[in-house]
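Reader: I'm new to this and would like to learn how to read a protein model. Could you walk me through one?

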Amino acid sequence: MNEFYQKVAYIGLRNTDGSYLLNVPLYVKVSETNKNGMTDMQEELIHRISDIMMRRYEKQIGAHIANLKKGVKYNAKI
C-alpha cells in the first residue's frame with residue numbers, strides 16, 4: 001500500500017548551533033486518496049470553487065452580450 005503525504009505549511013526549525021533553518025515543508029499523512037491522487041475533501045473543494053467561478057463568468061458573459069446588443073462597450077471587472 002502506498003503512503004501519501006500532503007504539504008500543509010512551511011515551518012522554521014532551529015539548527016543545533018541555534019540558527020534557524022527556514023522554509024522547511026511540513027507534511028501530513030493522507031490516509032485515503034481517490035483515483036485522481038487527491039483526498040475527497042480536496043476534490044470537493046476544487047468542484048465548489050469551479051462551480052462558483054463558472055456562475056460568475058456566466059453572469060459576466062451574459063451582461064457583456066446584453067450590452068453588446070444595446071451597443072454599449074463593456075469592460076469586465078476582474
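Author: Let's go through this one feature by feature, starting with the overall layout. Keep in mind that this is a predicted model.

Reader: How far does the predictor trust its own model, going by the mean pLDDT?

Author: Look at the chain as a whole, then at its elements. The mean pLDDT of the protein chain is 80, with 86% of the residues at 70 or more. By element, confidence is lowest in strand β1 (residues 4-14), with a mean of 83, and highest in α1, with a mean of 86.

Reader: In what sense do β1 and β2 pair?

Author: For strands, ask about direction and count the bridges. β1 and β2 pair in the antiparallel sense, over 9 bridges. To see one of them, find Tyr-5: its bridge partner in β2 is Lys-29. The two strands form a hairpin with 5 residues between them, and Gly-18 in that hairpin has a positive phi near 95°.

Reader: Which residues does Val-8 touch, leaving out those up to four places away in sequence?

Author: Val-8 lies in strand β1, and the residues it touches are Leu-26 and Val-28. Val-8 is still partly exposed, with a relative accessible area of 48%.

Reader: Now the helix. How many residues does α1 have, and how far does it reach?

Author: Compare the end-to-end reach with what the residue count predicts. α1 has 31 residues and reaches 45 Å from its first C-alpha to its last, close to the 45 Å expected at 1.5 Å a residue. After α1 comes Gly-71, with a positive phi near 85°.

Reader: How many salt bridges does the structure hold, and which side chains meet there?

Author: The general idea is that side chains of opposite charge can pair when their charged atoms come close. This structure holds 1 salt bridge, where the side chains of Asp-51 and Arg-55 meet at 2.8 Å, N to O.

Reader: Why are Asp-51 and Arg-55 separated by about one helical turn?

Author: An α-helix has 3.6 residues a turn, so residues three or four places apart point the same way. Asp-51 and Arg-55 are 4 residues apart in helix α1 (residues 40-70), so about one helical turn separates them. Both are partly exposed: Asp-51 has a relative accessible area of 40%, and Arg-55 has 48%.

Reader: Last one: what share of the residues in the protein chain is buried?

Author: Buried residues make up 8% of the 78 in the chain. The protein chain exposes about 7,300 Å², and carbon and sulfur atoms supply 58% of that area. For contacts, take those between residues at least 6 apart in sequence: 17% of them join residues at least 24 apart.

Definitions and conventions
Residues are numbered from 1 along each chain as its sequence is written. Side-chain values use heavy atoms; hydrogens and water are left out. A salt bridge is a side-chain nitrogen of Lys or Arg within 4 Å of a carboxyl oxygen of Asp or Glu. Buried means under 20% relative accessible area, exposed over 50%, partly exposed in between (1.4 Å probe, protein chains only). pLDDT is the predictor's confidence in each residue, from 0 to 100. Contact means heavy atoms within 4.5 Å. The expected span of a helix is 1.5 Å times one less than its number of residues. Two strands pair if DSSP finds at least two bridges between them. Accessible areas come from the Shrake-Rupley method with a 1.4 Å probe; for residues, only the protein chains shown count as cover.
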